[in-house]
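Try each task before reading its solution.

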Amino acid sequence: MTEKRPKNLLYLDGVSVSFDGFKALNSLSFIVEPGELRAIIGPNGAGKTTMMDIITGKTRPDEGAVFFKGDIDLTRKDEAEIAQLGIGRKFQKPTVFESHTVWDNLELALNRRRGVFATLFYRLTGEDKARIEEILSTVRLTGRRDDLAANLSHGQKQWLEIGMLLAQEPELLLVDEPVAGMTDAETAETAVLLKEIARTRSVVVVEHDMGFIRDLGVKVTCLAEGSVLAEGSIDFVSNDPKVIENYLGR
Amino acid sequence: MTYRARVTGAFLAAVLSTTAFNGAFAADDTIKVGILHSLSGTMAISETTLKDAMLMLIDEQNKKGGLLGKKLEAVVVDPASDWPLFAEKARELVSVDKVSAVFGCWTSVSRKSVLPVFEELNSILFYPVQYEGEESQRNVFYTGAAPNQQAIPAVDYLMENEEVERWVLAGTDYVYPRTTNKILEAYLIAKGVKPEDIMINYTPFGHSDWQTIVSDIKKFGSAGKKTAVVSTINGDANVPFYKELGNQGIKAEDIPVVAFSVGEEELAGLDTGPLVGHLAAWNYFQSVDNPANAEFIKTWKAYTKNDKRVTNDPMEAHYIGFNMWLKAVEKAGTTDTDAVLDAMIGVSVPNLSGGYSTMMPNHHITKPVLIGEIQGDGQFETVWETPGLVVGDEWSDYLPDSKDLISDWRAPMSCGNFNVATGKCGGKGS
Amino acid sequence: MITSFLIRSLDRTIVIAVAILLALAVLVPALNLLTSADHPLHVPTYLVSLFGKYLTYALLALALDLVWGFCGILSLGHAAFFALGGYAMGMYLMRQIGARGSYGNPLLPDFMVFLNWKELPWFWYGFDMFWFAALMVIVVPGLIAFVFGWFAFRSRVNGVYLSIITQAMTYALLLAFFRNDMGFGGNNGLTDFKDILGFNIQADGTRGALFAASALALAASLVITSGIVRSKFGKVLVALRDAESRTRFLGYRVEHMKLFAFTVSAMMAGVAGALYVPQVGIINPGEFEPGNSIEVVIWTAVGGRGTLVGPIIGAILVNGGKSIFTAAFPEFWLFALGGLFVLVTLFLPKGVVGTALQYVSRRRAYREARNHKDAGLPAAEPLAAE
Amino acid sequence: MYRIFQTLLIALCLFTAIPGGLRAEEGLRDLVNALGEAKLSNMDEHIAALAKTGDAKVVPVLEALGEGMLYARKADNQVFLTKESGSNLTLTDPVTGESAGEAPKAAFSKIKVNNGVRRAVRTALGSLTLLSPDRNQRLKAAQSVLQSPNADALGAIENALAAEKDAEVRALLERARATTLLISDRPVDEKKEAVQVLKQSGGREALSILSTALNSADETLRPDIEAALAGIEQTQALWAAGQNVWYGLSLGSVLLLAAIGLAITFGVMGIINMAHGEMVMLGAYTTFMVQEILRNSFPGLFDWSLAIALPLAFLVTGAVGMAMERGVIRFLYGRPLETLLATWGISLILQQSVRSIFGPTNREVGNPSWMSGAFELGGLTITWNRLWIILFALAVFAALLFLLKKTPMGLQMRAVTQNRRMASSMGIRTPWVDALTFALGSGIAGMAGVALSQIDNVSPNLGQGYIIDSFMVVVFGGVGNLWGTLVGAFSLGILNKFLEPYAGAVLGKILVLVLIILFIQKRPRGLFALKGRAVEA
């Protein structure tokens with residue numbers, strides 16, 4: 001695990017945070033390498049979402065270090081800055097802009113200058129158009145490009161959100177329970193999609209669905225009570241007695 | 001979107017047709033009188049009564065045969081305690097309803113708001129409330145008291161009869177208390193009161209927590225000299241103020257409070273038991289004992305079908321103003337503004353405190369000044385009265401910039417701010 | 001860049017609305033000045049000022065709609081920006097009076113003279129020049145909005161909390177302007193204006209010009225707002241209205257976006273106030289009253305928030321109703337007004353225009369669905385679902 | 001001239017009073033009848049003359065004079081004690097104390113009194129009743145001789161002091177003696193002692209007495225008085241801080257009362273209830289109605305009026321609240337900002353309804369006797385009504401807390417407001433709970449109205465004055481947290497009262513608002529915000 005590389009993509013060390021006395025994260029340490037696809041499992045309240053909150057700048061840790069690309073201190077940046085640095089995030093509940101069309105959703109997500117005046121005088125270039133078309137087909141929504149996002153089905157919203165993340169061109173993608181509420185066919189398709197995405201960037205997936213994680217076939221980290229319980233291949237982790245005790249159940 | 005055009009069009013048509021509708025009714029068989037008092041919002045509390053009083057007066061006059069052989073017709077609008085709305089409604093009364101005169105306004109700001117309208121459209125406003133003075137306008141008749149018809153006699157009374165040496169000038173922070181207190185301060189200092197014996201305090205509108213201020217007054221009053229409070233506290237804030245006075249045990253015998261904005265109407269909302277002996281200065285009290293007043297009170301109670309309704313000074317001011325207008329119109333034989341403006345000056349009608357009030361060339365009237373003490377039954381008892389009538393002084397002699405100004409609307413002077421020092425109309429300059 | 005911004009802003013609705021406003025700007029003053037009083041099409045001066053006032057209210061409602069309808073910031077303090085713009089204009093108008101005041105003081109306004117002020121407070125300097133006052137009309141509300149918004153949006157004060165502190169802001173300003181010591185005339189405010197740019201403020205011609213200016217300002221603001229809303233920036237506004245943290249995670253500095261919209265909106269409100277004051281002839285602290293700001297919200301809601309012409313129609317409808325009712329039923333008009341608000345919220349949650357649009361688009365969707373015979377797409381229900 | 005005549009007359013009366021009771025009676029009658037002809041300006045001399053007789057019969061006459069119940073018959077200038085009965089007066093002979101029948105009011109003229117006369121009456125009554133057998137009367141007498149000291153009464157005070165057993169009266173008399181002594185012509189040594197007595201007693205009253213004495217004191221006494229004054233002022237300054245805290249608590253309790261109902265409807269249910277102030281107003285009007293009925297039909301129960309009004313106000317406003325919830329608000333759940341518009345409309349309607357029914361003017365709501373007046377606690381002046389309001393506010397708070405935290409009803413309310421769908425699937429009748437919760441919030445606002453009617457105007461505008469402050473308190477304290485509302489109300493109250501002496505009432509209020517705005521920047525969800533993931537989602 002300790003490769004001789006100067007830079008990890010994401011580096012968390014001794015991160016703790018508590019809410020009103022409840023320790024959500026307890027000295028959590030965690031590393032993601034460039035190009036890695038990592039799955040995270042753990043019982044409810046293990047701190048999975050809080051960890052994502054910390055990485056994306058939504059929550060500030062009480063103590064500990066969080067670095068991106070080796071030397072960028074994420075604890076000093078806010079969400080927008082972190083997103084602009086190249087960390088994308090997909091929420092547990094699909095959140096897309098419901099009063100915008102599918103097309104507009106992607107246009108907004110496109111990795112372009114995001115300042116007030118840049119957006120005010122923005123004009124859609126041919127290049128941008130092509131990119132959006134491309135993503136539309138990747139997430140299989142070409143036929144619904146002019147529909148309001150509000151009218152998509154649940155699975156389609158999930159895909160649209162993934163599409164938006166692609167448009168954002170992040171180096172690290174955090175995905176929170178992408179297949180919750182999906183049909184089996186959709187789940188399988190999503191696994192394919194994620195693997196495809198992970199070819200060009202690092203992805204961290206939080207998921208409960210063990211089948212899905214098995215489909216992904218990647219390194220797994222199990223969290224419990226705010227710190228890492230076990231890490232390794234799916235088989236290794238699922239046989240760990242502590243994991244069985246805390247999460248999988250007897 | 002043609003939808004929008006249709007709506008706008010329909011609305012325009014609606015407004016225009018109401019205009020036409022009103023216009024059609026402005027036939028010559030009635031003389032219209034505008035009533036411009038707030039019936040909603042914060043000032044409704046004071047102004048609604050005046051609207052009722054005007055309706056009663058018009059009603060009574062119609063029973064007596066109207067004016068110039070025509071019936072009077074009241075046009076009531078609600079400016080809703082919204083000052084710009086006062087201007088809008090005034091304009092509507094004059095230019096749409098074609099009223100011959102308007103009776104209305106209470107606050108200074110509402111009067112200031114409508115002044116330009118009356119000037120521009122050349123109509124007449126009767127303003128019935130005591131005010132800060134420093135104004136005389138061709139189209140306005142001020143039937144309430146100027147500061148010299150209320151504040152100064154009250155201070156004189158306290159100085160002579162109660163031997164007051166220390167003064168608290170407490171007021172709501174707006175122009176009437178500010179000006180009145182400026183005048184009083186200058187007056188008191190001229191009378192030899194030391195500046196450290198004067199405490200001036202301002203509070204916001206509707207101030208309801210008086211604990212600190214009442215205790216400050218108590219502290220100020222415990223310096224070994226007889227102390228009095230001159231209150232220009234406005235309307236709503238008075239009830240909590242007096243309640244606090246009563247509860248903190250400030251008795252009139254020790255620290256009397258003389259108020260210029262507290263009348264019978266305001267006392268009706270209070271248990272006056274603990275307040276007996278506190279004072280008010282007005283030009284009229286309901287308790288004044290004379291036949292004209294008794295008749296007025298009787299009519300008022302009958303008109304409102306309420307035996308407990310009280311009368312107050314601004315009502316009397318409307319009574320005087322309305323009768324003056326009637327007389328002037330009869331004298332002029334027309335309701336034409338210019339003719340009535342000319343005829344008004346010098347008109348003399350009975351007031352309700354047992355004498356006559358006369359319209360002076362400065363558009364203010366002569367009035368007696370009464371000092372009354374609050375009684376347990378919510379009425380005032382006159383304890384002092386000016387020996388004669390006092391002429392309203394529009395430009396105070398106690399303010400440095402206004403002491404050279406006078407107003408005389410008779411030809412040939414016809415000027416509201418004639419400067420006797422420079423001999424020119426229009427203040428100091430030009 | 002600017003041209004594309006403008007071109008984008010002009011869709012059919014906006015073109016029609018602007019055309020109507022321009023037509024009004026010419027027609028109303030013309031009908032007032034050129035026809036005689038008994039001509040059937042004559043517009044009395046009284047109505048010119050009244051409609052002029054409505055137009056400034058409409059502009060204020062439009063400004064609020066930009067932040068509320070499109071950006072989700074319910075400001076309960078927009079009347080404060082309106083009043084600040086009004087005060088800036090009022091100060092210019094006061095300085096124009098010059099030596100024609102009651103006391104003939106060439107420098108000090110009357111209210112300062114009789115309260116014994118000896119010299120002009122520093123913040124009154126410069127207001128004798130129109131260009132400076134005009135600048136202040138935009139700068140002062142803009143600056144206050146900027147500072148206020150900078151703090152509030154940076155701290156992520158949201159929703160109801162933001163509404164309440166905007167209300168606290170306007171309430172604090174109300175109390176401050178009530179204070180005579182502030183040097184803005186206290187409760188009486190600024191009044192007794194004589195002329196503007198050398199023209200008598202009471203002359204019919206000036207009133208016509210002010211009306212036209214209000215119509216033009218409204219048209220211009222409509223174009224600008226439409227441009228903003230239809231740009232990518234506008235899409236970001238709507239996006240952050242619906243899902244703020246998603247927008248943040250996409251890399252947008254939400255606080256900058258909100259701040260820009262809020263400041264622009266405050267400036268528009270300032271312009272509205274500046275046009276309002278010479279037409280009604282008075283500006284006083286009453287304009288800061290929290291109730292006034294709530295009323296603006298109501299105009300916008302009645303017309304339909306999130307639409308551009310909605311707030312304009314709402315402002316005109318409610319105020320027109322108020323004008324008519326206060327004269328026709330002085331004792332009961334509050335029942336009508338109160339009832340209107342309740343009924344609109346209950347039965348027309350999208351406002352008059354929003355509901356009409358919904359109706360139109362549903363009909364269109366229905367027709368399309370019928371034409372295409374494509375029953376597989378759930379096209380008929382989009383707007384109702386929200 | 002007149003004065004000489006007057007003295008002569010008095011002397012004559014005194015002279016003639018010596019032989020026989022009948023002549024004394026006649027002399028007294030002449031003195032009493034002289035009141036009828038006296039002017040306001042020389043009334044005090046007449047009163048002093050009456051007091052000099054020392055006759056106990058003078059007491060009711062003077063009392064009646066002070067209360068304005070003494071009338072003179074126009075025909076023969078006979079003066080009577082009177083009581084009003086319709087347009088008639090019931091007459092009592094002032095000397096014999098016997099009834100003298102009834103007569104129409106018009107035949108009499110009232111003997112006018114002003115503050116000067118009342119002061120003279122107070123002084124005279126004071127020295128006349130110092131030896132009264134009734135303790136309360138003696139207490140009152142001691143107070144009045146203290147309040148209006150008169151050098152002539154010194155002997156009487158000392159006599160009374162010698163005979164007095166009651167500690168409270170004694171203490172008062174001691175002070176009265178010291179006060180009177182200072183203005184008498186007693187030797188300086190005795191005066192120095194008196195200064196010490198007053199210094200011991202302390203308080204603002206002593207300050208006032210000593211400052212008065214300072215004005216006329218001679219050189220030997222001056223240093224003593226000045227030292228005493230400085231001492232008292234020092235203790236006063238210490239108490240002043242305490243007094244500010246008290247005022248702050250009292251203002252805080254008013255804010256708490258006004259806001260606590262809103263903490264339910266807005267804080268717990270999320271309804272931006274702009275009609276909240278009108279609920280307070282309706283509560284105040286209920287109190288007015290109750291008092292009106294009691295005044296007309298059961299005057300004896302007046303002191304109970306608030307106790308009767310409380311449950312009624314709760315029911316009335318609760319019912320109005322429930323009607324509002326069922327009629328309008330239930331269609332708006334999940335659209336909080338739109339509740340603002342609808343409730344604003346409702347508030348306009350309620351205001352105008354009250355204006356149409358009760359008229360636009362203030363209505364009189366009286367203080368029951370147990371809520372009037374004040375008492376001293378050390379250097380603090382504590383008014384009864386404020387004290388009761390603080391206690392009442394805390395009681396309401398405690399009751400509400402209990403209701404929400406400890407009863408099944410409260411549990412259901414919290415469940416519904418936290419997760420409506422879940423609660424409803426658990427079998428809770430959510431619409432019913434919503435209606436009850438809103439009614440509860442409104443009812444509490446109504447009870448607040450009962451309390452506020454004691455210190456503020458009862459007019460249709462009553463509620464408007466409280467609505468903004470209420471929202472500030474709830475937001476400052478943290479929406480959804482009752483404790484936050486409590487702490488918020490009291491800290492805003494105290495802050496306001498500490499700023500007021502320095503900044504003035506207006507600026508103080510502005511500063512508080514600015515501080516709230518800044519505070520919200522620091523803690524965007526108020527003082528007692530719930531932290532954690534759930535609230536941010």
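**Before you start.** This is a predicted model, in which local features need pLDDT of at least 70 and side-chain atom pairs count only at pLDDT 80 or more, while totals for chains, interfaces and linings use all residues. Residues are numbered from 1 along each chain as its sequence is written, and chains are lettered from A and ligands numbered from 1 in the order in which they are written.

**Exercise 1. Describe the build of chain D: how many helices and strands are there?**

Step 1. Chain D holds 21 helices and seven strands. Here helices (H or I, at least four residues) and strands (E, at least two) are DSSP runs, numbered from the N terminus.

Step 2. Turn to the dimensions. The C-alpha atoms of chain D fill a box of roughly 100 × 60 × 40 Å along the principal axes. Its radius of gyration is 31 Å, whereas a compact globule of 537 residues would have one near 24 Å. That radius is taken over C-alpha atoms, and the globule rule is 2.2 Å times the number of residues to the power 0.38.

Step 3. Look inside. In chain D, 50% of the 537 residues count as buried; buried means 20 or more other C-beta atoms within 10 Å of a residue's own, with C-beta atoms placed from the backbone.

**Exercise 2. Check helix 6 of chain D: what span should its 13 residues have?**

Step 1. Helix 6 covers residues 135-147, and at 1.5 Å a residue it should span 18 Å.

Step 2. The end C-alpha atoms of helix 6 are 18 Å apart, so the expectation agrees with the model.

Step 3. Now find its buried residues: D:Arg138, D:Ala141, D:Ala142, D:Ser144, D:Val145 and D:Leu146. Their cover includes helix 5 (115-129), helix 7 (154-163) and helix 8 (167-183) of chain D.

**Exercise 3. Apply the globule rule to chain C: what radius of gyration does it have?**

Step 1. For 386 residues, the rule gives a radius near 21 Å; chain C has 22 Å, which agrees with a compact globule.

Step 2. Chain C has 16 helices and four strands, and 62% of its 386 residues count as buried.

**Exercise 4. Which chains have the most contacts among the five pairs that touch?**

Step 1. Chains B and C do. By comparison, no contact joins chain A and chain B, whose closest C-alpha atoms lie 22 Å apart.

Step 2. In the B and C pair, 49 residues of chain C are in contact with 51 residues of chain B. Helix 13 of chain C supplies the largest share of the chain C side, seven residues.

Step 3. Sort that side by class: 27 nonpolar, 18 polar and four charged residues. Ala, Val, Leu, Ile, Met, Phe, Trp, Tyr, Cys and Pro count as nonpolar, Asp, Glu, Lys and Arg as charged, and the others, Gly among them, as polar.

Key. Buried ≥ 20, exposed ≤ 12 C-beta atoms within 10 Å, placed from the backbone. Expected span 1.5 Å × (residues − 1). Contact = placed C-beta atoms within 7 Å.
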